[in-house]
Amino acid sequence: MRPRMTDPNRSLLTLRGLDAGTLTSLLDRTESLLPVVRGVAQLPRTDSGAVVGLLFLENSTRTRCSFETAVHRLGHQPVVLTGQGSSVGKGESLSDTAANIAAMGMQALVVRTPLSGGAALVARVTGVPTINAGDGRHEHPTQGLLDASTLRSHLGSLKGKRILIVGDILNSRVARSNIHALTTLGATVVLVGPPPLVPWVFAECAPQIEVAHDLDAVLETADAIMMLRIQLERSAGKSVASDYRAAFGMTSTRASRLREGVPVLHPGPINRGVELDDEVAADLARCLVLEQVARGVSARMAILERALVPAVSA
Ligand code: NCD
């Protein structure tokens, strides 16, 4: 099948290269849609007739359900395909799967895949506006956007702020998307973790990126701190070092050393007692994980609007 040509600005495959103006207008729209998510405002009722294909070929709770919610909230229809029960289990490739779903007449596709670069492949093969919902260890742009939204609402501007991202940076698509968004918006990002998971080379990528291997040495410089899960499914070692929590976990003791009002974020799923202690996760004034989830829906609505407006009004 010959792919249709589509405006590349309707897809969201990466946050790399998105300028501050574009990011800011997406964040503004995320903010203005948040009351709809919280149930205190409504969008005008529409039945757009648009159908959005959600291809989730890797495990997901928050991202999948929030995309599905976002599609409903906007008055569109979702069609969800997961790896389990689909022909992916019979060995069908990502590009064949996507081409077949697109041929059913989808106005947009949302793709989660273990294949780094998989979302760009789907956009190329189908010609349909495609949103990357996490592709391997490459990027997770909607997570980056919802994290930036959460941080901006908490800190005001991101300009000049120091954001610590702690954990498995090497294998984390969340970290990569956050690095692009946060540095573009003027923050300094400090990547913290053991040397095998946070190689020095990251510090050479941009002047606003620092690398640290001693969390305690940089903890008190943080304006915000984002904890990440060790991506066992993407690492060769397949186990967390027994002293990981002692060196890099957000324990209650460490949380008490953070400056007043410094928030703790986590994209989920949390490994309690490894990267985040129960007491810290339970402190909802400090730990913004559920705020991130709420903003995940409005951020995805903002991205879907951008993907769908021309198709819906055509
Ligand atoms: C992240 C992911 O899948 O990359 N989770 C998410 O989308 N909320 C992070 C993770 O799995 O650790």
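Modeller: In this predicted model, the side chain of Arg173 places an N or O atom 2.7 Å from an oxygen atom of the ligand. For His140, the corresponding distance from a side-chain N or O atom to a ligand oxygen is 2.8 Å, and for the side chain of Thr63 it is 3.0 Å. Of the 320 Å² of accessible area that the ligand has on its own, the protein covers 94%.

The ligand is surrounded by Arg62, Thr63, Arg112, His140, Gln143, Arg173, Val174, Arg229, Gln231, Pro267, Gly268 and Pro269. Two helices each supply at least two of the shell residues, namely helix H2 (62-73) and helix H6 (173-184). The shell also draws on two domains, with at least three residues from domain 1 (8-140 + 297-313) and at least three from domain 2 (141-292). The space that the ligand takes is the second largest pocket.

Gly268 and Pro269, both among the residues surrounding the ligand, are joined by a cis peptide bond with omega near -5°. Pro269 is located in the loop that runs between strand E9 (264-265) and helix H10 (278-282).

Note on methods: Residues are numbered from 1 along each chain as its sequence is written. This is a predicted model: local features need pLDDT of at least 70, side-chain atom pairs count only at pLDDT 80 or more; totals for chains, interfaces and linings use all residues. Side-chain values use heavy atoms; hydrogens and water are left out. A residue is near a molecule or strand if one of its heavy atoms lies within 4 Å of it. A polar contact is a pair of N or O atoms within 3.5 Å; within protein, one must be able to donate a hydrogen and the other to accept it, and residues adjacent in sequence count only if both atoms are side-chain atoms. Accessible areas come from the Shrake-Rupley method with a 1.4 Å probe; for residues, only the protein chains shown count as cover. On a 1 Å grid over the protein atoms alone, a cavity is a set of points where a 1.4 Å probe fits but cannot get out, and a pocket is an open set with protein on both sides within 12 Å along at least five of seven lines; lining residues have an atom within 4 Å of a point. A molecule sits in a cavity or pocket if more than half of its atoms lie within 2 Å of its grid points. Helices (H or I, at least four residues) and strands (E, at least two) are DSSP runs, numbered from the N terminus. Domain bounds come from an automatic or database domain assignment.
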